[in-house]
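Hi there,

Here is the structure I promised to pass on.

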Amino acid sequence: MSFLTSTFVTAFEAACLIRCARPVRPAETRRPRLADVHRVAAPQGDAVAEFDREEAAERLTMLLAALGYHARSAERDGGGVRRYAVQQVTIAEPDRAAADRMMVTSWQRGRQRLLATDPLGSTSPQAAHRVVLARAAWNAGVLVGRLRPRHSQLRIGIAEPDMVAVLVRAARLGGVTSSVSKRSGCFVIAVPEQATSSLVSYELPGTTRAVRRPSLSPRHDRPAARLAAA
């Protein structure tokens with residue numbers, strides 16, 4: 001899978017969404033919902049990722065479909081007395097092994113590319129596509145982990161340390177200064193709110209199709225969760 005292809009960037013963003021996602025665990029009690037609601041339920045073991053936000057699940061489903069995999073998203077109810085709801089993404093079993101391999105490979109190559117310290121000319125294709133990868137990572141982080149803005153800063157909560165390192169480096173590649181603080185269960189990455197449009201706006205390599213920016217409207221102030229088991 002070439003670094004200079006839209007397939008690679010698509011797979012990398014999908015891998016970032018999965019690494020930003022909440023863990024698939026039945027004992028989860030966050031986001032309580034007391035009313036019993038009938039929802040489509042998918043077996044826990046089949047889920048590739050679970051999200052608090054429908055737009056993140058839809059984005060991952062769309063990316064997986066673009067890669068040729070049969071994926072679907074559905075809202076699932078869980079918990080005991082304290083109910084919660086998640087957006088669960090599943091991949092058809094015949095596609096699961098191949099999808100897992102692609103996500104692992106894309107994450108490893110994309111992470112290595114972003115964290116590399118080798119100097120690149122500002123006009124080189126490698127430098128340009130490194131910026132594309134950086135924005136793909138931030139698109140995933142904002143979709144999944146966006147917290148309520150504070151002090152004119154966009155804040156995202158991510159529990160997975162490797163993803164935090166990628167996002168900090170990705171912000172730096174975009175010329176944006178970020179700060180990281182520790183909260184219970186996650187790290188909070190903050191960047192100036194006015195810089196967010198430049199962090200998440202990009203075009204897939206070899207195309208003129210711009211990626212739709214996630215809504216930056218305030219959401220509930222709670223941490224995102226970490227990587228679901230693949």
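Contacts between residues 24 or more positions apart make up 74% of the protein's contacts with a separation of 6 or more, where contact means heavy atoms within 4.5 Å. Please keep in mind that this is a predicted model: local features need pLDDT of at least 70, side-chain atom pairs count only at pLDDT 80 or more, and totals for chains, interfaces and linings use all residues. Residues are numbered from 1 along each chain as its sequence is written, and side-chain values use heavy atoms, with hydrogens and water left out.

**Overall layout**

The protein has six helices and seven strands. These are DSSP runs numbered from the N terminus, with helices being H or I of at least four residues and strands being E of at least two. Along the sequence, the order is α-β-β-α-β-β-α-α-β-α-β-β-α. Of its 230 residues, 49% count as buried. For that label, buried is under 20% relative accessible area, exposed is over 50%, and partly exposed is in between, using a 1.4 Å probe and protein chains only.

**Where α1 meets α3**

Let me start with a pair of helices. The axes of α1 and α3 are 8 Å apart, and the two pack at an angle of about 95°. This makes α1 roughly perpendicular to α3. Here the axes are lines fitted to C-alpha atoms, for helices over the stretch in contact, and angles run from 0 to 180 degrees between N-to-C directions. Angles of 65 to 115 degrees count as roughly perpendicular, under 35 as roughly parallel, over 145 as roughly antiparallel and the rest as oblique. On the α1 side the contact is made by F8, A11, F12, A14, A15, C16, I18 and R19, and on the α3 side by M102, M103, S106, W107, R109, G110, R111 and L114.

A15 is buried at 3% relative accessibility, and apart from residues up to four places away in sequence it touches M103 and W107. The C-alpha atoms of A15 and W107 are separated by 5.8 Å, although the two residues are 92 apart along the chain.

As for α3 itself, its 23 residues reach 33 Å from the first C-alpha to the last, close to the 33 Å expected at 1.5 Å a residue. The expected span is 1.5 Å times one less than the number of residues. The buried residues of α3 are D95, R96, A99, D100, M102, M103, S106, W107, G110 and L114.

**Rings**

How many aromatic pairs are there? The count comes to one. Its members are F12 and W107, which are stacked at 6.2 Å centre to centre with 10° between the planes. The pair joins distant parts of the chain, with F12 in helix α1 (residues 6-20) and W107 in helix α3 (residues 93-115), 95 residues apart. Both F12 and W107 are buried. The rule is that rings of Phe, Tyr and Trp (its six-membered ring) pair if their centres lie within 6.5 Å; planes under 30 degrees apart count as stacked, over 60 as edge-to-face and the rest as tilted.

Elsewhere, K182 lies over the face of F187, at 5.1 Å from the ring centre. A charge sits over a ring if NZ of Lys or CZ of Arg is within 6 Å of the ring centre and within 35 degrees of the ring normal.

In the loop between α4 and β5 you will find H151 and S152. H151 has a positive phi near 55° without being a glycine, and S152, also not a glycine, has a positive phi of about 60°. H151 is exposed at 69% relative accessible area, and S152 is exposed at 53%.

**Two more positions**

G157 lies in strand β5 (residues 153-158). G157 is buried, at 0% relative accessible area.

S198 belongs to helix α6 (residues 196-200) and counts as partly exposed at 33% relative accessibility. Setting aside neighbours within four places in sequence, S198 is in contact with R135 and V176.

Best wishes
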